[in-house]
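Dear colleague,

Please find the structure below, with its sequence. My notes on what was found in it follow directly after.

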Amino acid sequence: ATVNITDENFDGEVLKNSKPVLGTSGTLGATIKIAEWCGPCKQIGPILEEISNEMSNEVVVAKHNIDDIYQPTKYGVRGIPTMLLFKDGELKST
């Protein structure tokens, strides 16, 4: 299952996680940045859930609602969905 990320748990769930984190904006984890009103975000949701279930030992898939982010541009997020890959506390790819 995917992990829901907030500004409050971002450091612990993403930056300090021992596994690579894939996230989306719209969801952010790697985080994935998403929004409830974003059609493309809703379309990729089931695929990300499947990846999360199949690869739960290798990667954490996390979602971060863009509407709940204090600084949405902190990692260069300009649109959604945005996928960010973090490893060892650093942004490795978008």
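The buried residues of α2 are Cys41, Ile44, Leu48 and Ser52. Here, buried means under 20% relative accessible area, exposed means over 50%, and partly exposed lies in between, with a 1.4 Å probe and protein chains only. Please note that this is a predicted model, in which local features need pLDDT of at least 70 and side-chain atom pairs count only at pLDDT 80 or more, while totals for chains, interfaces and linings use all residues. Residues are numbered from 1 along each chain as its sequence is written, and side-chain values use heavy atoms, with hydrogens and water left out.

Helix α2 covers residues 39–54. At 1.5 Å a residue, its 16 residues should span 22 Å, and the end C-alpha atoms are 24 Å apart, which agrees. The expected span is 1.5 Å times one less than the number of residues in the helix. Within α2 there is a kink of about 35° at Gly45, shortly before the proline Pro46. The bend at a residue is the angle between axes fitted to the seven residues ending there and the seven starting there.

Cys41 also takes part in a disulfide, with Cys38 as its partner and a distance of 2.4 Å from S to S. A disulfide is defined as a pair of cysteine sulfur atoms within 2.5 Å, and a search of the whole structure finds one. The torsion about its S-S bond is about 75°, so the disulfide of Cys38 and Cys41 is right-handed. Both cysteines, Cys38 and Cys41, are buried.

**The chain as a whole**

The protein chain contains two helices and six strands. Along the sequence they follow the pattern β-α-β-β-α-β-β-β. Helices (H or I, at least four residues) and strands (E, at least two) are DSSP runs, numbered from the N terminus.

Of the 94 residues in the protein chain, 38% count as buried. The chain exposes about 5300 Å², and carbon and sulfur atoms supply 49% of that area. Accessible areas come from the Shrake-Rupley method with a 1.4 Å probe; for residues, only the protein chains shown count as cover.

**Side-chain pairs**

The structure holds one aromatic pair. The ring centres of Phe10 and Phe86 are 5.7 Å apart and the planes stand at 80°, so this pair is edge-to-face. The definition takes rings of Phe, Tyr and Trp (its six-membered ring) as paired if their centres lie within 6.5 Å; planes under 30 degrees apart count as stacked, over 60 as edge-to-face and the rest as tilted. Phe10 is buried, at a relative accessible area of 7%, and Phe86 is buried at 1%.

There is also one salt bridge in the structure. It links Lys92 with Glu90, whose closest N and O atoms are 3.6 Å apart. The term denotes a side-chain nitrogen of Lys or Arg within 4 Å of a carboxyl oxygen of Asp or Glu. Lys92 is partly exposed, with a relative accessible area of 48%, and Glu90 is partly exposed at 46%.

Ile80 and Pro81 are joined by a cis peptide bond, with omega about 0°. Ile80 is partly exposed, with a relative accessible area of 23%. Its C-alpha atom is separated by 9.9 Å from that of Asn65, 15 residues apart along the chain.

Asp67 is another residue of the loop between β4 and β5, and is partly exposed at 49% relative accessible area. Asp67 and Glu36 are 31 residues apart in sequence, with 8.7 Å between their C-alpha atoms.

Strand β5 (residues 82–87) includes Lys87, which is partly exposed at 41% relative accessibility. From C-alpha to C-alpha, Lys87 and Val59 are 9.7 Å apart in space, and in sequence they are 28 residues apart.

Asp88 is found in the loop between β5 and β6 (90–93). Its phi is near 55°, a positive value in a residue other than glycine. Most residues other than glycine have a negative phi, and most peptide bonds are trans. Asp88 is exposed, with a relative accessible area of 59%.

With kind regards
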